[in-house]
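Thanks for coming. I have one chain to go through today, starting with the whole and ending with a few single residues.

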Amino acid sequence: MELDITKCSIVCCGTPEEKKAVLPVECSMILPDYYPDVMKILRYSARALPAPVLSDESGETVSGNVSIEVNYVSEEGEFCFCGQIQPFSHTFVGEGGVAAAEAEAVTGEVSCRAVNKRRIDVHTSLELTLRTVTAQPRDFISMAEGAGAVCKSCSENVTVIAGEYYKSFTLEEEQETGYGKPPIGRIIRSSASAKAEECHVIQDKVAVKGSVRVKMLWTPEREDLSAPEEYLTSCFDFPVSRIIDAPGISGDDTCDVRLCADFPEITPNEDGSTVKIKVRVGAFARVYRQSAAQLVTDMFSEKYESNAESAPAEVISGTFPAEFSENIRERIEFTDSGTEIIDCWTETLPGPRLDSEGKICFGVKICVFAKNAEGGISYYEKAVEREAPSPAGKCRKAFYNLSASVISEDYTNGHGGTEISAEIFIEGTVYVISEVNALVSFDAFEDRPRRKDPAAVILYYAEKGENIWDIAKRYGTGRTKIAEENELSGETLAERMMLIIPK
């Protein structure tokens, strides 16, 4: 055989698939003996925090925790908190071949009622969304020589997800509430957030460094119960670093990494001046590598009749890191004059997500506890939606890993309301999926020579916009030969003209 074909294998991915499941969430909280009786429920919420997806032969498992929080006022006017952590887990049955997976957990409408003074029932639902991308190697023609083969080639950028790796650990610290602060009476609210600040890919390992921030709102012990309650906040920052095992990874690979902090456990010590903090932290790394693949998109033979078969395929053609901050300013109005802020904080809503227009959409909820001049406590909240351009621009298909965290927050009391500002940090990676169409097979029939035109010169009257390759294929000659003979540049003709077709 004169014909010599070289093939290459590239990793093709399937169209990003989305699966959903709904789980019921129900709990009954019986107050411990040392908790005051419930008189009025101020605030209730259910927030879900999913862990990275675990894949095995049975499918993809989404698990995590739902934090159910209730703030209430006792019969004595005390501001109280009770909460419960409920784990969840659901396995989506799959067909295998998953290269990357992302999960989102969103709680539905929450109902809460005090059954009696010692029991609170909370009901909601949890909607799980799983997004996956599959990977499957496929052979395409990258080069052909002999038998008069003429090739039209292109170079395609291909990103291969080499693996996803996860490691969890528990951060346990003992901290003072703050110099000069009184002993702790009750903890009203707590939260934890984590941020990855740098990562390094080394042989078979990923090194991650970052920080974990824990905040709490609390009241001091009171000897005189008739005295008004005082509300204090404490904030603790902890540096963290971990090594994640990643077999088969080299220092030439690139890493997409994030840290996530679960809901914290904070326990005051007996003296009330220090607290024990326990937070489960997860370090997740998705490692990928990029290369260029030379593909033959069309081919014919100058000597023989031939047949080419092409096939479409989807590949991850590029990765675009997202890293930006967004400042949010909002105002919350108060109906009562003389209202004083007890606590103000910002919660990121589930997401962020990438919409069909290529924009990153995310939301936050601004939350406020306040008391009026008579000491009555109220809760206010306001949801805010924002969008920002994606670093990848508008793309037809994409897989993404995006997260939002609160960097800072502050408030200023004004007439009849409060001006609240927060800085939200968005980070992650957008994986753009493109379609390629390349040859998978080619046959040159050596027993069927191509019929040659007997004319000494072939003239072709081409129309504006015609493709030079298509003309060359029609007459069985090289595109480069036509371009050189007629002093052409580019792929298409800029105007109607007569071409000399070289034999």
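A word on terms before the numbers: a residue is called buried when its relative accessible area is under 20%, exposed when that is over 50%, and partly exposed in between. On that basis, 46% of the 503 residues in this chain are buried. Please keep in mind that this is a predicted model.

Now the overall build. There are two helices and 25 strands. The radius of gyration is 32 Å, well over the 23 Å that the globule rule gives for 503 residues, so the chain is more spread out than a compact globule. Along the principal axes, the C-alpha trace spans about 115 × 50 × 40 Å.

As for contacts, take those between residues at least 6 apart in sequence: 78% of them join residues at least 24 apart. The accessible surface is about 25300 Å², and carbon and sulfur atoms account for 46% of that. The chain has 53 positive and 82 negative charges, and their mean positions lie 4 Å apart.

On to single residues. Which peptide bond is cis? That is the bond from G351 to P352, with omega near -5°. P352 sits in the loop between β18 and β19.

Then two residues other than glycine with positive phi. For A147, phi is near 55°, and the residue lies in the loop between β9 and β10. For D204, phi is near 65°, and its place is the loop between β11 and β12.

Are these two buried or partly exposed? A147 has 2% relative accessibility, so it counts as buried. D204 has 33%, so it counts as partly exposed.

Note on methods
Residues are numbered from 1 along each chain as its sequence is written. This is a predicted model: local features need pLDDT of at least 70, side-chain atom pairs count only at pLDDT 80 or more; totals for chains, interfaces and linings use all residues. Side-chain values use heavy atoms; hydrogens and water are left out. Helices (H or I, at least four residues) and strands (E, at least two) are DSSP runs, numbered from the N terminus. The radius of gyration is taken over C-alpha atoms; the globule rule is 2.2 Å times the number of residues to the power 0.38. Buried means under 20% relative accessible area, exposed over 50%, partly exposed in between (1.4 Å probe, protein chains only). Contact means heavy atoms within 4.5 Å. Accessible areas come from the Shrake-Rupley method with a 1.4 Å probe; for residues, only the protein chains shown count as cover. Lys and Arg count as positive and Asp and Glu as negative; His and the chain ends are not counted. The place of a charge is taken as NZ of Lys, CZ of Arg, CG of Asp or CD of Glu.
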